[in-house]
Amino acid sequence: MKRICILMCVVIFWVGCRSSNNDNNNNPANDPVTTRISDPTPTPLPAPTVTPTPKPAQPVRLNHIQSLGTHNSYREQTPLFEALSGARPELARTLEYEHKPLDVQFSTLGIRHIELDVFYDPNGGLYSNRAGYVFIRQDTASGIAELDEPGFKVFHLQDIDFQSSCLTFVACLNTVKTWSDANPGHLPIMILVEAKDEEIEVEPDPGIVVPLPIDATALDAIDAEILSVFEEDRIIKPADVKGNYSTLEEAVLDDAWPTIDASKGKVMFALDNVGAVRDLYMNGYPSLVGRIMFASADPGTPEAAFLKINDPTGTNEQLIRNYVSQGYMVRTRADSYTEEARANDVSKRDAALASGAHFISTDYPEANLDFSDYKVEIPGSTLSRCNPVSATDDCDTSKLEEQ
C-alpha cells in the first residue's frame with residue numbers, strides 16, 4: 001500500500017500527492033536520370049489498355065483514431081483549496097484545475113476518454129465524513145446519503161481533495177450511459193479506472209480514513225459494478241478483440257480491433273494501475289478473457305493490447321509511435337500538475353498529438369485564462385480525428401462520428 005504524507009499545524013497543512021511510463025524512404029524523383037541524346041527518338045507504340053483492379057476499402061478500426069480525454073475527469077475544486085493555498089501555495093498550484101460534469105464534457109468539448117479514481121467501500125459509510133474540514137472549522141459530517149451506501153466512491157484524496165461531480169462509481173457510469181443512450185452515434189468512450197488505496201498521514205491527525213486495500217475481491221467488484229450499469233454488448237471487452245486468435249496480443253498485432261461502425265455507442269474500460277494490482281487483475285484470466293477491463297500489460301505478453309505511457313516527450317514520442325504502428329492502443333498525457341498551462345508550454349501537448357497515442361488526456365480542454373490561453377484539442381476540431389500514425393487512407397475524420 002502506498003503512503004502519502006501530509007503535515008498539518010492547526011489550520012496550516014501540507015498535502016503531498018503526485019500520482020502514481022525514421023523511415024528512410026527512397027524517392028525515385030531524386031534518383032539521377034541520364035538522357036542519351038545521341039539515340040534516335042523511337043516511334044511511340046500505342047499504350048496498352050489496362051483495366052485497373054480496384055483496391056478494396058479498408059475498414060476504419062478503433063485503433064485508427066485519436067481522441068481527446070480528461071485527467072481526473074470527475075474533479076471539482078476542493079473546499080480546502082484556499083487554506084491549502086495559504087499554507088503551501090507551491091503544492092496547491094498542482095491542484096488548480098477542475099472539470100465540468102461528464103455529460104457536459106462529452107457534449108460541449110468532444111471528450112471521448114475519461115479517468116475515474118475509485119475507492120473500495122463495500123459496506124458504505126467509510127467516506128461519509130470529511131475529516132479535513134477540521135482545519136477550516138467546519139462540521140466533518142457530510143450529510144450526503146449517497147456516501148452511506150455500499151459501493152466504490154470517486155474522488156482524488158480522501159478527506160482532503162474529495163469534491164466530485166459524481167460521488168460514486170455507479171453514479172459516474174450512469175451519467176455516461178444516460179448520455180450514450182441519448183447519443184447512439186458517438187465514438188466509443190474509453191474509461192480509465194484507477195483503483196486507489198493510498199494512505200495519507202496527517203500531523204495532527206484529524207481522523208483521515210485509511211482506505212481498504214485493493215485486493216482480488218475489490219477488483220472483481222469493479223467489474224461487477226460496471227456490469228450493473230452497462231450490458232455486456234455495450235462494452236468492448238478484451239475477449240471481443242481476441243476473438244479466435246490464440247492471444248489478445250496476437251489479435252491487436254494483426255489489426256483485429258473492432259471497426260468504428262461496430263463500436264459506435266459503446267464504451268471500453270482500462271485499468272490504470274500497474275504493478276501488483278494489475279497483475280492481480282490479470283491473474284487467472286489469460287488474455288484477459290472473462291475480464292471487463294483492458295490492462296496496461298507489457299508488450300510480449302498475452303494480455304498486451306493497451307499501454308499507458310503518460311509522458312510523450314523525448315524518446316517516448318517515438319516509442320509511442322512504434323507501439324501505435326504495431327497495433328497497440330496507447331494513452332498519454334498532454335500536461336500535468338498545471339505546469340504547461342501556467343507556462344503556456346505546448347511542447348508536451350504537440351508531442352502527444354504527433355505520437356499517434358489514441359487517448360490524449362488533459363486538465364485543460366478549455367483554457368484557464370488566469371494562467372494563459374493554453375488548452376488541448378484535436379487539431380481541426382474538438383472531436384476525434386483519424387490517427388496521424390495508424391489511420392488508413394480510407395479514414396475520413398469528417399465521417400467518424402454522427403454529429
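## Overview

The model is a predicted one.

The chain holds 403 residues, and 51% of them are buried. Its accessible surface comes to about 18600 Å². Carbon and sulfur atoms account for 50% of that surface.

Start with strand S9, residues 267–271. Five of its five residues are buried, so S9 is largely enclosed by the rest of the structure. Val267, Phe269 and Leu271 point one way. Met268 and Ala270 point the other way. Both groups are buried.

Which strands pair with S9? One is S6, which runs parallel to S9 and is joined to it by five bridges. Within this pairing, methionine 190 has methionine 268 of S9 as its bridge partner. Strand S8, residues 235–236, also pairs with S9 in the parallel sense, over two bridges. S10 is another parallel partner of S9, with three bridges. In that pair, phenylalanine 269 stands opposite methionine 293 of S10.

Strand S12 covers residues 329–333, and five of its five residues are buried. On one side are Met329, Arg331 and Arg333. On the other are Val330 and Thr332. Both faces are covered.

S12 pairs in the parallel sense with S11, residues 306–308, over three bridges. Leucine 307 stands opposite valine 330 of S12.

How does the span of H4 compare with what its 14 residues should give? At 1.5 Å a residue, H4 should span 20 Å. Its end C-alpha atoms are 20 Å apart, so the two values agree. Several H4 residues are buried, among them Phe169, Leu173, Val176 and Trp179. Lys177 and Ser180 are buried too. The cover over the buried residues of H4 includes helices H3 and H5. It also includes strands S4, S5, S6 and S9.

Asparagine 183 sits in the loop between H4 and S6. Is this residue buried, partly exposed or exposed? Its relative accessible area is 30%, so asparagine 183 is partly exposed; buried would need under 20%, and exposed over 50%. A polar atom of its side chain lies 2.8 Å from the backbone oxygen of tryptophan 179. Asparagine 183 and serine 107 are 76 residues apart along the chain, yet their C-alpha atoms are separated by 9.3 Å.

## Glutamine 158 and glutamate 198

Glutamine 158 lies in the loop between strand S5 and helix H4. Its relative accessible area is 1%, so glutamine 158 counts as buried. Beyond its sequence neighbours up to four places away, glutamine 158 touches residues including Phe119, Tyr127, Ile200 and Pro211. Glu198 and Glu199 are also among its contacts.

What lies 2.9 Å from a polar atom of the glutamine 158 side chain? The backbone oxygen of glutamate 198 does. Glutamate 198 is in the loop between S6 and strand S7. With 9% relative accessibility, glutamate 198 counts as buried. Its C-alpha atom is 6.7 Å from that of proline 211, a residue 13 places away along the chain.

## Two loop residues with positive phi

Leucine 288 is not a glycine, although its phi is positive, at about 65°. Leucine 288 lies in the loop between helix H9 and strand S10. Its relative accessible area is 0%, so leucine 288 is buried.

Threonine 338 also has a positive phi, near 70°, in a residue other than glycine. Its loop runs between S12 and helix H11. Threonine 338 is buried, with a relative accessible area of 1%.

Notes:
Residues numbered from 1 in each chain as written. Predicted model: local features only at pLDDT ≥ 70, side-chain atom pairs only at ≥ 80, totals over all residues. Heavy atoms only, no water. Helix = DSSP H or I, 4+ residues; strand = E, 2+ residues; numbered from the N terminus. Buried < 20%, exposed > 50% of the residue type's maximum accessible area, 1.4 Å probe, protein only. Polar contact = N/O pair within 3.5 Å; in protein donor to acceptor, adjacent residues only side chain to side chain. Contact = heavy atoms within 4.5 Å. Pairing = 2+ DSSP bridges. Expected span 1.5 Å × (residues − 1). Areas by Shrake-Rupley, 256 points an atom, 1.4 Å probe, with all protein chains shown as cover.
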